[in-house]
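Biologist: Could you give me a close look at one part of this model, the helix packing? I'd like to hear how it is put together, and then what else is worth looking at in the rest of the chain.

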Amino acid sequence: MILPCPIYRRTIASLALGFCLMGSTLRGAENISPLGQTPDWPALEMFQETMTRDEFVAALQNVYAPRGVAADLIQIEAETVRFLIDREGGKWFTLRFAPNEQSHTRVVTPCKRVVPSFPVIKGRELEGLKIALDPGHIGGKWAQMEERWFQVGDSQPIQEGDMTLLVAKLVAPKLRRLGATVSLVRSQNVPVTTKRPDDLREVAKAILRRAGVEQPRDDFAGPDDQEKDKTVRWQSEILFYRNSEIRERARIVNEEMKPDLVLCLHFNAESWDDPKSPRLIDRNHLHMLVNGSYLPPELAFDDVRFEMLRRLLSRTHEDELPLAEKSALALTRRTQLPPYEYTTENVT
Ligand SMILES: [Zn+2]
């Protein structure tokens with residue numbers, strides 16, 4: 001999407017939404033999103049007195065939680081903010097605000113800030129920048145399972161995962177010519193995760209149980225099966241190609257590649273009139289999604305809430321938003337494509 005005014009959306013957190021049966025995993029007093037990890041709350045100690053109350057409230061309201069967050073999860077006081085870390089034990093993490101902007105303790109951000117090397121040499125504007133390209137989805141023989149496949153008549157099937165990889169391979173040398181070091185999070189149409197749907201059947205059953213499906217069917221009849229989301233196969237497949245795959249990509253980016261910038265490439269499918277008879281349509285538009293705008297059900301997950309707070313306190317948005325705006329404007333100029341108008345409740 002083109003961003004005269006950026007919209008903020010979660011990527012990983014959307015794992016937990018949109019699928020009414022994608023319940024959480026309750027480990028004791030914890031409420032963890034599917035395949036998520038227990039939050040490392042003490043890691044937030046480094047942010048003591050690094051942000052004023054006004055800065056925190058503005059980032060929360062304008063960027064990360066414009067629809068609010070439950071008062072029993074985050075409590076903003078005059079000089080501190082408290083985050084619930086243990087529901088049963090009623091334990092909270094207390095973060096002290098900086099009294100004013102001058103009194104900030106030096107922030108040690110987990111992410112490296114991008115500092116341009118001056119003077120910028122014409123034609124080498126990206127010198128020193130490490131960019132990771134993440135071609136969305138898996139493609140290949142997995143495209144049908146991940147529901148990123150369709151065929152018009154007898155023509156070659158259209159598979160989003162193949163198209164994103166193709167784009168990444170076209171873009172990478174162009175970025176390298178401008179001086180960037182570029183790596184691809186995946187370079188083939190195969191999963192990055194070592195897990196497969198069969199490895200995730202017990203997690204799938206637990207999710208179904210929590211959603212009230214005690215005796216789930218093992219398999220579904222086909223893509224038109226209205227109750228496919230209540231089957232072990234559908235749940236374990238989505239745990240594989242969405243949760244497990246995306247989490248492994250995030251691990252590779254954060255622990256191995258450690259780039260300055262990650263670009264996740266996707267093609268958004270427009271709907272066609274007859275779902276049984278796909279056809280190509282002329283409507284085209286640009287999307288640019290950046291992290292933020294967490295919904296209250298997402299923030300109910302302890303791990304999602306923790307990651308949101310870590311991003312907020314790291315001031316990630318202070319880099320991401322200007323970068324997204326510049327990129328969106330450049331894409332608009334080059335493609336002349338109109339922005340996509342989101343109409344669903346999930347977007348702010
Ligand atoms: Zn996609």
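Modeller: Here is a walk through the helix packing, followed by a few other spots in the chain.

This is a predicted model, in which local features need pLDDT of at least 70 and side-chain atom pairs count only at pLDDT 80 or more, while totals for chains, interfaces and linings use all residues. Residues are numbered from 1 along each chain as its sequence is written, and side-chain values use heavy atoms, with hydrogens and water left out.

First, some orientation. The protein chain has seven helices and eight strands; these are DSSP runs numbered from the N terminus, H or I of at least four residues for helices and E of at least two for strands. Of its 348 residues, 42% count as buried (under 20% relative accessible area; over 50% is exposed and in between is partly exposed, with a 1.4 Å probe and protein chains only). Among contacts (heavy atoms within 4.5 Å) between residues at least 6 apart in sequence, 74% join residues at least 24 apart.

Now to the packing, with α7 as the helix to keep your eye on. Two packed helices are described by the angle between their axes and the distance between the axes. The axes are lines fitted to C-alpha atoms, for helices over the stretch in contact, and the angles run from 0 to 180 degrees between N-to-C directions.

Start with α6, residues 302–314: its axis comes within 5 Å of that of α7, and the two cross at roughly 80°. α6 and α7 are therefore roughly perpendicular to each other (65 to 115 degrees; under 35 is roughly parallel, over 145 roughly antiparallel, and the rest oblique). On the α6 side the contact uses R311, L312 and S314, and on the α7 side T316, H317 and E320. By class, that contact has one nonpolar, three polar and two charged residues. Here Ala, Val, Leu, Ile, Met, Phe, Trp, Tyr, Cys and Pro count as nonpolar, Asp, Glu, Lys and Arg as charged, and the others, Gly among them, as polar.

In the loop between α6 and α7 you'll find R315. Most residues other than glycine have a negative phi. R315, though, has a positive phi, near 60°. With a relative accessible area of 9%, R315 is buried. Q336 is exposed, at 64% relative accessible area.

The other partner is α1, residues 53–64, which packs with α7 (residues 316–335) at an angle of about 40°, their axes 12 Å apart. That angle makes α1 oblique to α7. The crossing of α1 past α7 is left-handed, meaning the near helix is turned anticlockwise from the far one by less than a right angle, where clockwise would be right-handed. A59, V63 and Y64 of α1 meet T316, H317 and L321 of α7. That contact has four nonpolar residues, two polar and no charged ones.

F47 sits in the segment before α1 and counts as buried, at 1% relative accessibility. Its C-alpha atom is 7.9 Å from that of S314, although F47 and S314 are 267 residues apart along the chain.

Away from the packing, have a look at the zinc ion. Its protein donors are H137 (NE2), E160 (OE) and H266 (ND1), lying 2.1 Å from it. Donors are N, O and S atoms within 2.8 Å of the metal (3.2 Å for Na, K and Ca), and water is not among the atoms, so sites may look incomplete. The donor spacing in sequence is H-x22-E-x105-H. E160, in helix α2 (residues 160–177), and H266, in the loop between β8 (261–265) and α5 (296–299), are 106 residues apart and link distant parts of the chain. E160 is buried, at 9% relative accessible area, whereas H266 is partly exposed at 48%.

Last stop: T193, in the loop between β7 (181–184) and α3 (201–210). T193 counts as buried, at 5% relative accessibility. Leaving aside residues up to four places away in sequence, T193 touches F240, S244, E245 and E248.
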